[in-house]
Amino acid sequence: YGEALLCWAETFGISGLGIDRDEQHIARAKEILATTAYADRVEYVCADAMRYPFQPGFYHLAACASASNMFGPPESMFRNAIRHLRQTILLDGYLLIVEPYYNATSVPQELVGYEGKLPTEVELTRVVRDEGFEIVCLLHSDVTDWDRYISSNLAHAVRWLRENHGHADWRKRLESHHRFQDMYVQHRKRYQEVVALLMTRI
């Protein structure tokens, strides 16, 4: 709910804009923002980031955290994310993209069917170079990071299921919840990782 933007505002004194197309996420982010001293420097907007009218070449940093799936299918979403986001930054600006990848060239077909044809980390670095950028910093997730992320999603799903027993999609959401958990335990925990890549042009 916009925690990264608030953390940067507190630590580095930046101002920034956070975008999410989920109204509930934005509403929660605004609630949290209202309890801080950064409301004059941080803004949250409910919108489609693909269509938002950014001012070209304006920002020092553009970030996309585990949301590049909006930019197309798994095999091209990382490249498309770079191409879209680079329009928003200064020539000497930075892109920060948090991206999932497979840690092996051969992964179970059940996982590919669920997650799609994700690239390997080597393929990610090649895309960065192909698009005219150089990696400045990279940070990898570990099992604890993965568990925290998955746990957050599981808790959110359980809360919704508990509060919406009469909903028409309740059974479908329950099955999706079980599928999400099973895929993590069976495959994602072993074959899928996440890396944060900070890049710039030289």
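E31 and R28 pair up in a salt bridge, with their closest N and O atoms 3.2 Å apart; the term covers a side-chain nitrogen of Lys or Arg within 4 Å of a carboxyl oxygen of Asp or Glu. The two residues sit 3 positions apart in helix α2 (residues 23–33), so about one helical turn separates them. Helices here are DSSP runs of H or I with at least four residues, strands are runs of E with at least two, and both are numbered from the N terminus. E31 is partly exposed at 47% relative accessible area, and R28 is partly exposed too, at 38% (buried means under 20%, exposed over 50%, partly exposed in between, with a 1.4 Å probe and protein chains only). The model is predicted, so local features need pLDDT of at least 70 and side-chain atom pairs count only at pLDDT 80 or more, while totals for chains, interfaces and linings use all residues. Residues are numbered from 1 along each chain as its sequence is written, and side-chain values use heavy atoms, leaving out hydrogens and water.

Across the whole structure, 9 salt bridges turn up. R51 and D48 form one at 2.5 Å, N to O; R51 is exposed at 67%, whereas D48 is partly exposed at 22%. Another joins R188 to E115 at 3.8 Å, N to O. That pair ties together distant parts of the chain, with R188 in helix α7 (residues 170–191) and E115 in helix α4 (residues 109–115), 73 residues apart. R188 counts as buried, at 6% relative accessibility. Shared partners also join R79, R83, R86, D130 and E131 into one salt-bridge network.

Then there is the sheet. Four strands make up an open, mixed sheet in the order β3-β4-β6-β5, where pairing takes at least two DSSP bridges between two strands. β3 (59–65) and β5 (134–140) are the edge strands, each pairing on one side only. β5 runs antiparallel to β6 (residues 192–200), and 6 bridges join them. H140 stands opposite V195 in β6.

On the surface, L61, Y94 and V136 form a nonpolar patch with about 240 Å² of accessible area together. Patch members have over 30% relative accessible area and no salt bridge, with like charges joined within 9 Å and nonpolar side chains (Val, Leu, Ile, Met, Phe, Trp, Tyr) within 5 Å; areas come from the Shrake-Rupley method with a 1.4 Å probe, and for residues only the protein chains shown count as cover. Y94 lies in strand β4 (residues 89–102) and is partly exposed at 34%.
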